[in-house]
Amino acid sequence: MELTVHLSDKLLLRLQTCADKRGISPEALALAYIEDWLSIDYPELIGRSSRRGLYRDGPIAFDPVAAEAAARVERDVIEIEKRRAGNGST
């Protein structure tokens, strides 16, 4: 089976950056992320609780409170990057 996933330019850049840092392909990293998530989510969904799944309830995008918290962090990261770019710091 083959699955095609379309990512925004921003997500693709992040994935590529993380993959480069780990010395693997973006495809291999994406697969690792998916496998990691499913190793937690699938057992939880079929009623097999695990310690890894205690504080997760599906991907962040499925939980509006978690999504808002993630968005606040994202805004903070963007603001920090802008400040660094503005004053020449790295």
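User: At what angle do α1 and helix α2 pack, and which word describes how they lie to each other?
Analyst: In this predicted model, α1 and helix α2, the latter covering residues 26-45, pack with their axes 8 Å apart and at an angle of about 100 degrees. Angles from 65 to 115 degrees count as roughly perpendicular. The two helices α1 and α2 are therefore described as roughly perpendicular.

User: How many helices and strands does the secondary structure of the chain come to?
Analyst: Read along the sequence, the pattern of the chain is α-α-α. The secondary structure accordingly comes to three helices and zero strands.

User: What share of the 90 residues in the chain is buried, and what share of the contacts with a separation of 6 or more joins residues 24 or more positions apart?
Analyst: A residue counts as buried under 20% relative accessible area, and buried residues make up 10% of the 90 in the chain. Among contacts with a separation of 6 or more, those between residues 24 or more positions apart account for 9%.

User: Which residue forms a salt bridge with E79, and how many residues apart are the two in helix α3?
Analyst: Side chains of opposite charge can pair when their charged atoms come close. The closest N and O atoms of E79 and R83 are 3.5 Å apart, and a salt bridge requires such atoms within 4 Å. The count for the model comes to one salt bridge. The partner of E79 is R83, and because the two are separated by about one helical turn in helix α3 (residues 64-87), their spacing is four residues.

User: Is E79 partly exposed or exposed, and which of these words applies to R83?
Analyst: The relative accessibility of E79 is 36%, so E79 counts as partly exposed. For R83 the relative accessible area is 55%, which means that R83 is exposed.

User: Which residues make the nonpolar surface patch of about 480 Å²?
Analyst: One of its members, L3, is placed in the segment before α1, the helix spanning 9-22. With a relative accessibility of 66%, L3 counts as exposed. The patch of about 480 Å² is made by L3, V5, L7, L11 and L12.

User: What percentage of the accessible surface of the chain belongs to carbon and sulfur atoms?
Analyst: The accessible surface of the chain comes to about 7,900 Å². Of this area, the part belonging to carbon and sulfur atoms is 59%.

Notes
Residues numbered from 1 in each chain as written. Predicted model: local features only at pLDDT ≥ 70, side-chain atom pairs only at ≥ 80, totals over all residues. Heavy atoms only, no water. Patch = residues over 30% accessible without salt bridge, like charges linked within 9 Å, V, L, I, M, F, W, Y side chains within 5 Å. Areas by Shrake-Rupley, 256 points an atom, 1.4 Å probe, with all protein chains shown as cover. Salt bridge = Lys/Arg side-chain N within 4 Å of Asp/Glu carboxyl O. Buried < 20%, exposed > 50% of the residue type's maximum accessible area, 1.4 Å probe, protein only. Axes fitted to C-alpha atoms, helices over the stretch in contact; angles between N-to-C directions. Parallel < 35°, antiparallel > 145°, perpendicular 65-115°, else oblique. Contact = heavy atoms within 4.5 Å.
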